[in-house]
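Let's take a walk through this structure together. Have a look at it first, and then we'll go through it bit by bit.

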Amino acid sequence: MIDGIDKAMNFQANALILRAQRQQVLASNIANADTPGYQAADIDFAAALERATAAAPGTGAGPARTAPTHLAPISAAIVEPRPASATGALDGNSVDMDAERVHFADNALRYEAALRFLNGKIRTLLSAIQG
Amino acid sequence: MSLAKIFSISGSALQAQAKRLNAVASNLANADTVAAPGQEPYRARQVLFRTEPVQGGVAGAPGVAVSEVIEDSAPPRRVYDPKHPHADAEGYVSMSNVNVVEEMVNMISASRSYQNNVEVLNTAKNLLAKTLNLGS
């Protein structure tokens, strides 16, 4: 029974964690907009979510390794450099601020969407429990 | 908690940009500083950035740190002003090598970057506040 509840929320929970991680990568791109030689990075969200949900329940994007003897979780989010854009900066910085701001706003909205879906799931389960 | 790490990333960027603004303020204040004969005139200070990994954050999402503050190696500005008390034997005074136009551009760029990072922080804060209300 508990497993069923976990499964019902697993997908949106994974999506939420990955959105938060992508938000972090995008924040880093914006923070490093003036750092010489910095290459903009991103997470392929669709591929990462597929990996996270394909993994056995509980080993997705969730658990943190707090001791070196713990089993390594399946790394869901792979941060890879964004395909080179034509910013033409002489200092080797490849951050396109306009594009980053768009990605950031888009990702924030999708994070809120995942949050709302998860909230809906929780409310449905609660009303089933309480009648 | 990945979103909380955004505070560290954008916070480090805010600090770095503030240091850059500080250097600009110092340079502009000393744009017309004259050195006495035999003394080294003021040299424009430039702040260098580098990436710095955030502890516990996603690998590949670093913050920013100031790696060093260098002094501009351009020669000092020499102005002919024989009446000036600091003029040398030929009647020239040595002034700082600050390029005022460059510094103004630097200032605008730093303040825009600062604003960008403040907005990133605000977004992360709002998302976290909404996450705290999850399930209620």
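**Where the chains meet**

Across the interface of chain A and chain B, 10 residue pairs, both at pLDDT 80 or more, are in polar contact (a pair of N or O atoms within 3.5 Å; within protein, one must be able to donate a hydrogen and the other to accept it, and residues adjacent in sequence count only if both atoms are side-chain atoms). On the side of chain A that touches chain B, α1 (2-31) and α3 (97-130) each supply at least two residues; helices here are DSSP runs of H or I with at least four residues, strands are runs of E with at least two, and both are numbered from the N terminus. The largest share of that side, 11 residues, comes from α3(A).

You're looking at a predicted model, where local features need pLDDT of at least 70, side-chain atom pairs count only at pLDDT 80 or more, and totals for chains, interfaces and linings use all residues. Residues are numbered from 1 along each chain as its sequence is written, chains are lettered from A and ligands numbered from 1 in the order in which they are written, and side-chain values use heavy atoms, leaving out hydrogens and water.

There are also three salt bridges between chain A and chain B, each a side-chain nitrogen of Lys or Arg within 4 Å of a carboxyl oxygen of Asp or Glu. A:Asp34 and B:Arg20 form a salt bridge, at 3.0 Å from N to O.

Now hop over to B:Gly91, in the loop between β4 (77-80) and β5 (92-95) of chain B. B:Gly91 counts as buried because its relative accessibility is 5%, and buried means under 20% relative accessible area (1.4 Å probe, protein chains only).

Definitions and conventions:
Buried means under 20% relative accessible area, exposed over 50%, partly exposed in between (1.4 Å probe, protein chains only).
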